2 protein chains.
Amino acid sequence: MKFVTQPTLLIDSKKVISNIRRMKRKADESGVVFRPHFKTHQNLQVAEFFRQEGVSKITVSSVSMAEEFASQGWNDITIAFPVNLREMDQINQLAKKIQLNLLVDSVFTIRFLDQHASNHLTTLIKIDTGYHRTGLLPSDPEIDNILKEIASSPKLTFGGFLTHAGHTYQTKEKAEILDIMEQSREQLISLKHHHERFYPEFIISYGDTPSCSLATHFHGFDEIRPGNFVYNDVMQLHLGACSPGDIAVVTACPVVSIIKEREELAIYGGAVHLSKEHIEADQGFQLYGYVVRLDGDLRWSDPIPGAFVYSLSQEHGLISMPKKELLTFKPGDLVGIMPIHSCLTANLLRENFLMI
Amino acid sequence: MKFVTQPTLLIDSKKVISNIRRMKRKADESGVVFRPHFKTHQNLQVAEFFRQEGVSKITVSSVSMAEEFASQGWNDITIAFPVNLREMDQINQLAKKIQLNLLVDSVFTIRFLDQHASNHLTTLIKIDTGYHRTGLLPSDPEIDNILKEIASSPKLTFGGFLTHAGHTYQTKEKAEILDIMEQSREQLISLKHHHERFYPEFIISYGDTPSCSLATHFHGFDEIRPGNFVYNDVMQLHLGACSPGDIAVVTACPVVSIIKEREELAIYGGAVHLSKEHIEADQGFQLYGYVVRLDGDLRWSDPIPGAFVYSLSQEHGLISMPKKELLTFKPGDLVGIMPIHSCLTANLLRENFLMI
């Protein structure tokens with residue numbers, strides 16, 4: 001086992017594989033395509049675990065990620081982000097080699113693609129089913145305008161309607177999460193019924209981990225695109241969408257100082273490793289991560305009760321911890337931090353991880 | 001001028017040089033050593049601007065940064081972070097080549113260094129003058145214990161007392177910031193007077209941008225270590241520690257969507273580019289950055305009145321903008337984001353910047 005010197009993302013391969021299998025089985029049982037979002041891990045080894053479970057279509061959130069995974073043999077990629085027209089050259093290069101699916105939300109974008117595409121491109125219309133980040137409301141007349149524009153372009157195909165129900169993250173209980181999925185399903189199915197007379201082959205695609213983790217089935221959708229479930233994190237735990245044992249990553253951080261009078265540990269592990277993502281805890285403080293013990297094989301315990309990361313600066317983290325636990329640590333030890341948002345932590349530690 | 005395709009940190013070299021000169025002149029006038037913190041920029045070109053202004057001693061916040069700058073010829077480096085004992089091998093390698101100054105706050109750490117150092121090391125005691133992140137309170141008896149332990153070690157030298165007055169960031173007005181500096185100065189000078197009978201040659205070192213930017217002099221200190229002033233940011237602006245024209249970086253982001261009904265722009269530029277650092281704005285929303293226009297040379301305007309980044313996810317940013325301004329943008333344009341905390345943004349865009 002490598003000697004950990006700096007903040008390092010520990011990835012538990014067994015938990016990762018188990019998380020993948022659970023979601024894949026549920027997708028298979030519902031007969032929907034499982035197109036996982038790879039933005040969470042951005043990791044070539046984790047990508048191989050997906051391949052071993054029979055996954056061949058993937059989602060990413062940037063042209064760069066599409067390039068990275070295309071170079072590793074992934075040849076059906078959806079970039080689930082409003083197409084960035086400034087990367088037209090990169091898009092044309094990619095579309096020469098793989099089945100590339102792009103997101104559109106305006107006639108302007110469609111015309112630009114038609115003018116500048118050097119290859120065939122599949123376009124999906126981004127639908128806003130309530131999250132209000134990007135996408136068109138199902139009632140927006142722009143949808144019909146876009147469809148007409150696609151129909152008149154020899155280079156573009158209509159691939160379907162796609163939504164990300166990210167408003168599940170603003171909920172307080174599981175029933176609300178499943179309600180959001182239900183509302184999204186109804187909106188997408190209604191769009192499908194309305195348009196399938198004219199466009200015989202297109203899909204409706206749904207993404208979002210909390211609802212996909214909690215749902216018992218995905219009937220009605222043609223495709224699901226959850227991403228975070230592969231690692232999970234404290235946010236999923238707080239939403240009730242996973243159990244502590246499903247969290248497949250922690251950040252190993254060196255302890256650098258024991259501050260007895262404040263009952264705190266200072267760690268080498270700050271905003272540039274863990275990210276400033278946090279949860280407003282009921283007790284009025286900001287929660288930047290739970291704290292776990294690491295054994296000699298870098299396997300981790302359940303969270304230490306009463307211990308939490310409450311402050312982060314660039315490289316420092318401060319952990320509040322009951323004195324009895326605190327006194328078992330000394331400078332030079334390692335401690336594990338269970339991430340609030342594993343996508344952001346994994347992105348920061350893309351080049352500093354250990355698969356265990 | 002390079003065609004910007006992805007979120008890119010634009011660094012205005014004229015503003016950087018002007019920010020460096022202003023602080024250097026003030027340090028020279030007070031006769032103190034100017035040891036700027038390089039964690040803000042972590043950029044070899046910016047480091048050269050400092051060298052051209054006569055700076056030869058620097059501060060960093062990790063062993064990795066010390067290695068990076070040592071490899072570029074910087075040979076007097078303070079790692080202003082409680083020493084990470086798990087990087088003892090790297091520290092020994094560095095100390096062979098350069099004057100390396102480390103931070104200590106316990107007898108345990110001193111004994112460990114004495115046992116494992118293969119070269120001479122200078123140690124500074126970290127003092128907590130009120131920020132309560134790390135360091136010993138000036139009254140802590142551990143200070144005397146550490147000094148005795150250093151005195152008995154042939155490998156270790158006592159370099160002095162060092163503080164970072166980061167609590168200036170929690171203030172509401174300029175007078176409070178200068179008060180904090182004054183209180184830190186008094187505590188460090190008192191420590192110096194108390195110990196200089198026994199240790200004839202050591203320094204007191206002070207860091208923190210808001211107070212160093214606002215102060216008219218640094219009398220009493222031997223050394224100052226501000227970092228953020230080289231770029232500044234919206235946080236410094238809110239603290240009254242810089243003017244908009246002193247902010248030397250913005251992130252150029254592609255516009256990907258115009259959401260007219262909500263009067264919003266969606267940009268390619270999210271938490272992985274800008275960081276989740278934010279300010280709680282008076283109007284009750286979270287401010288993730290101001291918005292500026294970029295001209296053909298990538299030079300930027302003052303912030304667009306009423307426009308701000310109010311939400312970030314992994315790759316998406318959402319900008320609220322008055323309709324009149326909004327309608328001048330289209331997908332594929334660039335917009336500039338003035339960072340809340342330039343250290344975190346510059347860290348995320350370390351490999352994706354343009355010097356203009």
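Predicted model: local features only at pLDDT ≥ 70, side-chain atom pairs only at ≥ 80, totals over all residues.

Student: Okay, how many helices and strands does chain A have?

Tutor: Chain A has 12 helices and 18 strands. Both are DSSP runs numbered from the N terminus: helices are H or I with at least four residues, strands are E with at least two.

Student: And what is the radius of gyration of chain A?

Tutor: The radius of gyration is 22 Å, close to the 21 Å that the globule rule gives for 356 residues, so chain A is as compact as a globular protein of that length. That radius is taken over C-alpha atoms, and the rule is 2.2 Å times the number of residues to the power 0.38. Along the principal axes, the C-alpha atoms fill a box of roughly 70 × 40 × 35 Å.

Student: How is chain A divided into domains?

Tutor: Domain 1 covers 31-231 and domain 2 covers 248-355; the bounds come from an automatic or database domain assignment. Their C-alpha centres lie 34 Å apart. Nine residues from domain 1 and nine residues from domain 2 make the contact, where contact means C-beta atoms, placed from the backbone, within 7 Å.

Student: Is Asp208(A) buried or exposed?

Tutor: Asp208(A) is buried, with 29 other C-beta atoms within 10 Å. The cut-offs are 20 or more such atoms for buried, 12 or fewer for exposed, and partly exposed in between, with C-beta atoms placed from the backbone. Gln42(A) also has a positive phi, about 45°, and it counts as buried with 20 C-beta neighbours inside 10 Å.

Student: How many residues of chain A are in contact with chain B?

Tutor: 42 residues of chain A are in contact with 42 residues of chain B. Elements giving two or more residues to the chain A side include strand E10 (249-259) and helix H12 (342-348) of chain A. That side divides into 16 nonpolar, 17 polar and nine charged residues. Here Ala, Val, Leu, Ile, Met, Phe, Trp, Tyr, Cys and Pro are nonpolar, Asp, Glu, Lys and Arg charged, and the others, Gly among them, polar.

Student: Now chain B. In what order do the strands of the eight-stranded sheet come?

Tutor: E2-E9-E8-E7-E6-E5-E4-E3 of chain B, an open sheet with parallel pairing. Strands E2 (33-34) and E3 (58-60) of chain B stand at the edges with a single partner strand each, so one side of each is left without a neighbour in the sheet. Pairing needs at least two bridges found by DSSP.

Student: Which strands does E14(B) pair with?

Tutor: E14 (residues 289-292) of chain B pairs in the antiparallel sense with E15(B) over two bridges, and with E17(B) over four bridges, also antiparallel. Tyr290(B) stands opposite Phe308(B) in E15(B), and Val292(B) opposite Gly336(B) in E17(B).

Notes
Residues numbered from 1 in each chain as written. Chains lettered and ligands numbered in written order. Contact = placed C-beta atoms within 7 Å.
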